[in-house]
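Here is a short briefing on one protein model. Please keep the structure open while reading.

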Amino acid sequence: MSSGFRITRRRALQAGTGAAALALAPPGIGLAHAAGVTLRQGTNICAAAAPDGRIAFDLVSAIWLLEAGGGRARKLTDELQDATQPDFSPDGRSLVFQSYRDGNFHLWTMAPGCGS
């Protein structure tokens, strides 16, 4: 009897970036949306500052934005995009990052005011 569960390159890469719970879960098993998780530390984080003081960083395979005055970080991408290495354009209006979302690593851009 086959469970349909298999390790793909994408899942292996996600597991290596700390998204193992989501990446290695068998199909149909997801993380509970009602459960909250607060991360206070991380490793292998890349951060970039915009000219206006905002900070973009990657954590658990997603890009996050922290406003200049601090507060709660806002997630700009979801975990399944494998988004890392953010950097702002010189004027701070664009954010570039690498992502494995289409099966290969490519550079993507977005307006930092957008996101999930």
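Is Asp52 buried, partly exposed or exposed? Asp52 counts as partly exposed, because its relative accessibility is 47%. The model is a predicted one. The protein contains 2 helices and 7 strands. Read from the N terminus, the order of elements is α-α-β-β-β-β-β-β-β.

**Overall numbers**

- The protein has 116 residues, and 28% of them are buried.
- Its accessible surface is about 7,500 Å². Carbon and sulfur atoms account for 56% of that area.
- Take the contacts between residues at least 6 apart in sequence: 32% of these join residues at least 24 apart.

**Salt bridges**

- The whole structure holds 2 salt bridges.
- Asp52 takes part in one of them, with Arg54 as its side-chain partner, at 2.9 Å from N to O.
- Arg54 counts as buried, since its relative accessibility of 13% is under the 20% cut-off. Asp52, at 47%, is partly exposed.
- Arg93 and Asp91 also form a salt bridge, and their closest N and O atoms lie 3.3 Å apart.
- Arg93 is exposed at 63% relative accessibility. Asp91 is partly exposed at 46%.
- Side chains of opposite charge can pair when their charged atoms come close.

- An open sheet is built from 4 strands in the order 1-2-3-4, with antiparallel pairing.
- Strand 1 and strand 4 (74-75) are the edge strands, because each pairs on one side only.
- Strand 2 (residues 55-59) pairs with strand 3 (residues 62-66) through 5 bridges, in the antiparallel sense.
- Ala56 has Leu65 in strand 3 as its bridge partner.

- Thr43 sits in the loop between helix 2 (20-23) and strand 1 (47-49).
- Thr43 is exposed because its relative accessible area, 65%, is over the 50% cut-off.
- Thr43 and Val60 are 17 residues apart along the chain, and 9.3 Å separates their C-alpha atoms.

**Strands 5, 6 and 7**

- Strand 5 and strand 6 run antiparallel and are joined by 3 bridges.
- Strand 6 and strand 7 (residues 106-110) also run antiparallel, joined by 5 bridges.
- Val96 stands opposite Thr109 in strand 7.
- Side chains alternate along strand 6 (residues 95-99). Leu95, Phe97 and Ser99 point to one face and are buried.

**Thr84 in focus**

- Thr84 belongs to strand 5 (residues 84-88).
- Thr84 counts as buried, because its relative accessibility is 17%.
- Which residue in strand 6 is the bridge partner of Thr84? The partner is Gln98.
- The side chains of Thr84 and Gln98 are also joined by a polar contact of 2.9 Å.
- Beyond its neighbours within four places in sequence, Thr84 is in contact with Asp58, Ile63, Phe97 and Gln98.

Technical notes. Residues are numbered from 1 along each chain as its sequence is written. This is a predicted model: local features need pLDDT of at least 70, side-chain atom pairs count only at pLDDT 80 or more; totals for chains, interfaces and linings use all residues. Side-chain values use heavy atoms; hydrogens and water are left out. Buried means under 20% relative accessible area, exposed over 50%, partly exposed in between (1.4 Å probe, protein chains only). A polar contact is a pair of N or O atoms within 3.5 Å; within protein, one must be able to donate a hydrogen and the other to accept it, and residues adjacent in sequence count only if both atoms are side-chain atoms. Contact means heavy atoms within 4.5 Å. Accessible areas come from the Shrake-Rupley method with a 1.4 Å probe; for residues, only the protein chains shown count as cover. Two strands pair if DSSP finds at least two bridges between them. A salt bridge is a side-chain nitrogen of Lys or Arg within 4 Å of a carboxyl oxygen of Asp or Glu.
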